[in-house]
Amino acid sequence: MASYLIMTPPGAPADDERARFIADGFSWVAFFFPALWLIAKRAWLLGISVAVLQILLILVSTLPGGFAAALTMQVALSLLVSLEGPLFIARKLAAEDWTLRSIIPARNIETAEEIYFANAAATAHHQGATPLQSIEWSKSGRPENAAGVGFFESYGER
């Protein structure tokens with residue numbers, strides 16, 4: 001079962017249809033095509049940086065004795081992007097003042113959307129159209145005293 005981070009644009013209510021659902025988990029597409037996956041997720045600078053690094057690794061692999069080192073670094077880069085890529089995307093959105101509304105464990109994105117929007121509608125109905133509470137973020141873009149498992153400090157919810 002995956003966890004989905006739900007983020008809304010700056011100033012948008014919790015039940016905004018532009019909410020982004022970011023799956024926190026391993027991505028096979030990101031593993032095999034890390035640069036293209038990042039670019040497709042609109043992380044332009046990071047995607048271009050990974051593409052340049054992949055090109056350099058291809059060049060290193062042509063040097064005598066460089067194939068094993070280049071292959072090892074390519075696999076490590078692919079693992080980093082495929083495991084931590086969703087967190088990169090969430091941090092990018094948080095830097096653009098998107099609001100982390102909820103983290104929902106669900107089998108697929110359709111189930112996560114149903115759970116989230118049902119909760120948002122029920123909360124708005126019972127509280128007189130008051131939006132869901134957002135998760136408080138510090139100036140660093142993450143909750144205070146965040147604890148998580150991963151290569152980098154995460155959003156604190158697992």
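Biologist: How do the residues of the lining of the largest pocket divide into nonpolar, polar and charged?
Modeller: This is a predicted model, so keep that in mind as we go. The lining is made up of R20, F21, I22, A23, G25, F26, S27, W37, K41, P86 and I89. Sorted by type, these residues come out as seven nonpolar, two polar and two charged.

Biologist: Which element supplies the largest share of that lining?
Modeller: Strand 2 (20-24) and helix 4 (67-95) each bring at least two residues to the lining. The largest share is four residues, and the element supplying them is strand 2.

Biologist: How much space lies in the largest pocket?
Modeller: Among the residues around this space are W37 and P86. The space in the largest pocket is about 180 Å³.

Biologist: Are helix 3 and helix 4 roughly parallel or antiparallel to each other?
Modeller: Helix 3 covers residues 44-61, and its axis lies 8 Å from that of helix 4. The two pack at an angle of about 165°. Angles over 145 degrees count as roughly antiparallel. Helix 3 and helix 4 are therefore roughly antiparallel.

Biologist: How many residues of their contact are nonpolar?
Modeller: Helix 3 contributes residues including L46, V50 and L53, while helix 4 contributes residues including F67, A70 and M73. The contact also has three polar residues and no charged ones, and the nonpolar count is eleven.

Biologist: What is the handedness of the crossing where helix 3 passes helix 4?
Modeller: Q54 of helix 3 and Q74 of helix 4 are among the residues making the contact. As helix 3 passes helix 4, the crossing is left-handed.

Note on methods. Residues are numbered from 1 along each chain as its sequence is written. This is a predicted model: local features need pLDDT of at least 70, side-chain atom pairs count only at pLDDT 80 or more; totals for chains, interfaces and linings use all residues. Side-chain values use heavy atoms; hydrogens and water are left out. On a 1 Å grid over the protein atoms alone, a cavity is a set of points where a 1.4 Å probe fits but cannot get out, and a pocket is an open set with protein on both sides within 12 Å along at least five of seven lines; lining residues have an atom within 4 Å of a point. Grid points are joined across faces, edges and corners, and a volume is the space filled by probe spheres set on the points. Ala, Val, Leu, Ile, Met, Phe, Trp, Tyr, Cys and Pro count as nonpolar, Asp, Glu, Lys and Arg as charged, and the others, Gly among them, as polar. Axes are lines fitted to C-alpha atoms, for helices over the stretch in contact, and angles run from 0 to 180 degrees between N-to-C directions. Angles under 35 degrees count as roughly parallel, over 145 as roughly antiparallel, 65 to 115 as roughly perpendicular and the rest as oblique. A crossing is left-handed if the near helix is turned anticlockwise from the far one by less than a right angle, and right-handed if clockwise. Contact means heavy atoms within 4.5 Å.
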